[in-house]
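This briefing is intended for a reader who meets the structure for the first time. Please view the sequence and the model below before reading on.

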Amino acid sequence: MSSHQKIVALVFSVGLLVLIIELVRRKKLREEYSFLWILTSIFIFLLVIWGKLLKLVMNLLSAKAPASTVFFCGIFFIVLISLHFSVKISHLTNQVKDLTQKLALLEKLLEEKK
Amino acid sequence: MRPLILIPAYNEEKNIGQVIEKIRQYQPACEILVINDASTDDTARIAREKNVEVISHPFNLGYGAVLQTGYKYALNKGYDYLVQLDADGQHDPIKIKDFIEEFKKGEVDLIIGSRFLNQKHYPIPFFRLLGIKIFGFLVSLFTGQKITDSTSGYQGFNRKVLEFYTQDFFPSDFPDADVLILAHRAGIRIKEIPATMYSSSRKSIHSGLRPLYYIFKMFLSIFILLISQGAQNTHKGCND
């Protein structure tokens with residue numbers, strides 16, 4: 001990886017980490033949803049500063065270009081995060097449906113008691 | 001035995017009044033419940049003026065969720081069985097008596113009103129007919145009994161089915177072939193009876209790109225069912 005690429009990757013990973021921690025501190029992001037984001041930024045940071053780890057991952061992926069490997073790892077984590085959100089959204093959709101049905105049934109009960 | 005007639009409704013101000021009147025004409029003693037899925041027109045007001053029970057969702061949840069709200073109400077209120085029919089006038093209420101007669105015999109839990117068991121039915125567009133036949137074949141294959149109209153919304157249930165259908169697995173969008181297979185696996189006895197249906201004047205829930213999603217969803221649900229151990233393992237069975 002060229003020095004320029006390393007600097008860009010480091011700025012991105014550190015910037016992401018700072019942003020996520022700040023969002024958690026301001027209570028705009030729950031801790032449970034910050035986990036995978038923090039993991040992503042730390043992993044990219046480690047790949048950039050720890051040459052041996054980058055080589056190991058490159059060997060595992062049979063990759064030739066270090067920058068592509070870092071990019072691939074970033075995409076891999078984003079896919080994981082998206083999947084995690086899809087599962088959460090499905091769960092929340094079920095909860096919203098149950099709550100809405102309960103609300104409609106309770107309103108009917110109130111109407112009958114009036 | 002207390003029956004409840006359930007009508008799921010979304011923007012049906014043109015038809016809901018007539019449908020209620022027609023049900024009253026054939027079944028004056030039956031209680032009627034309209035579930036209004038956050039209609040933006042006068043569906044709820046018209047239904048209330050007809051002196052039926054009305055439950056309104058604060059926002060649109062989808063056809064399956066509307067039905068399930070009705071099932072939960074019927075269970076809470078202690079109804080013995082429920083007959084559901086669409087609010088667009090597609091299902092002829094004259095056949096409700098046949099559902100009730102079947103339930104009185106006590107030999108079935110779930111009754112499907114089939115347009116294909118009737119000698120005459122309205123012309124169905126080719127691709128929709130093809131879909132109905134394919135899913136009918138799959139349901140017949142996996143339930144071991146001939147089901148001709150698995151997509152029919154004209155159905156009746158006893159309390160055993162209501163208890164099963166008020167569980168979390170019940171889909172919010174299209175409860176069709178997959179749910180029938182699941183019900184069969186849970187030990188629910190299914191029977192089809194002839195039903196008179198007319199062509200619907202409103203836009204179908206299977207219009208636009210939805211048929212594609214519907215086909216994908218049904219095949220996926222049936223596949224997941226097949227690789228599951230059985231309804232009793234994935235969901236609470238009726239005898240639990």
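Helices (H or I, at least four residues) and strands (E, at least two) are DSSP runs, numbered from the N terminus. The model is predicted: local features require pLDDT of at least 70 and side-chain atom pairs count only at pLDDT 80 or more, whereas totals for chains, interfaces and linings use all residues. Residues are numbered from 1 along each chain as its sequence is written, chains are lettered from A and ligands numbered from 1 in the order in which they are written, and side-chain values use heavy atoms, with hydrogens and water left out.

**Overall form of chain B**

- Chain B contains 9 helices and 7 strands.
- Its radius of gyration, taken over C-alpha atoms, is compared with a globule rule of 2.2 Å times the number of residues to the power 0.38. For 240 residues a compact globule would come near 18 Å, and the 17 Å of chain B agrees with this.
- Along the principal axes, the C-alpha atoms of chain B fill a box of roughly 50 × 40 × 40 Å.
- A contact means heavy atoms within 4.5 Å. Of the contacts in chain B between residues at least 6 apart in sequence, 77% join residues at least 24 apart.

**Surface and charge of chain B**

- A residue is buried under 20% relative accessible area, exposed over 50%, and partly exposed in between (1.4 Å probe, protein chains only). Buried residues account for 55% of the 240 residues in chain B.
- Accessible areas come from the Shrake-Rupley method with a 1.4 Å probe, and for residues only the protein chains shown count as cover. Chain B exposes about 10900 Å², of which carbon and sulfur atoms supply 55%.
- Lys and Arg count as positive and Asp and Glu as negative, while His and the chain ends are not counted; each charge is placed at NZ of Lys, CZ of Arg, CG of Asp or CD of Glu. In chain B, the mean positions of the 28 positive and 26 negative charges lie 3 Å apart.

**Salt bridges**

- A salt bridge is a side-chain nitrogen of Lys or Arg within 4 Å of a carboxyl oxygen of Asp or Glu. Over all chains, the structure holds 24 salt bridges.
- Glu22(A) pairs with Arg25(A) in a salt bridge whose closest N and O atoms are 2.7 Å apart. Both residues belong to helix α1 (residues 3-25) of chain A, and they are 3 residues apart, about one turn of the helix. Glu22(A) is partly exposed at 25%, and Arg25(A) is exposed at 58%.
- Arg45(B) meets Asp42(B) in a salt bridge of 3.2 Å, N to O, and Glu49(B) in another of 2.5 Å. Arg45(B) and Glu49(B) are 4 residues apart in helix α2 (residues 43-49) of chain B, so about one helical turn separates them.
- A network of salt bridges links Lys108(A), Glu111(A), Arg48(B) and Glu53(B).

**Surroundings of Ile16(B)**

- Ile16(B) lies in helix α1 (residues 16-26) of chain B and counts as buried, at 0% relative accessibility.
- Not counting residues up to four places away in sequence, Ile16(B) touches several residues, including Ile7(B), Val34(B) and Ala87(B).
- Between the C-alpha atoms of Ile16(B) and Leu141(B), 125 residues apart along the chain, the separation is 36 Å.
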